[in-house]
Amino acid sequence: MRKIIALLMALIVAAAIFASIIYIGENLNHHCCGEDCSICMELRAAEAVISNTGMAAAAVAAIISFLIITVYKPVQKQTKLLGESLISLKVELLA
């Protein structure tokens with residue numbers, strides 16, 4: 001039971017780091033509206049999550065984020081653009 005709880009906690013921490021990195025990457029060059037900018041406050045909170053969990057975990061999450069963005073997204077877009085299916089390729093399935 002303790003192993004399951006530890007695994008769930010590790011997954012939650014990894015998800016928080018991953019979400020923080022994605023948020024920072026998407027909103028890094030936003031148009032700041034001044035002193036009480038909500039996006040700037042959220043960016044600081046995301047940076048605090050990363051710094052509080054340790055740089056090793058952040059490095060792993062950054063590598064995973066980079067791989068997902070560079071490998072998975074282009075492949076996903078390419079398959080959507082092609083619109084290929086077994087029927088469009090006229091593949092005959094044998095029973």
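I took contact to mean heavy atoms within 4.5 Å. The model is predicted, so I noted that local features need pLDDT of at least 70, side-chain atom pairs count only at pLDDT 80 or more, and totals for chains, interfaces and linings use all residues. Residues are numbered from 1 along each chain as its sequence is written, and side-chain values use heavy atoms, with hydrogens and water left out.

Entry: Ser20. I located Ser20 in helix H1; helices (H or I, at least four residues) are DSSP runs numbered from the N terminus. Ser20 is buried, at a relative accessible area of 8%; buried means under 20% (1.4 Å probe, protein chains only). Setting aside neighbours within four places in sequence, I found Ser20 in contact with Ala46, Val49 and Ile50.

Entry: helix H1. I checked the length of H1: its 26 residues should span 38 Å at 1.5 Å a residue, and the end C-alpha atoms lie 37 Å apart, which agrees. The expected span is 1.5 Å times one less than the number of residues. Besides Ser20, I listed Ile17, Ile21, Ile24 and Asn27 as buried in H1.

Key
Helices (H or I, at least four residues) and strands (E, at least two) are DSSP runs, numbered from the N terminus. Buried means under 20% relative accessible area, exposed over 50%, partly exposed in between (1.4 Å probe, protein chains only).
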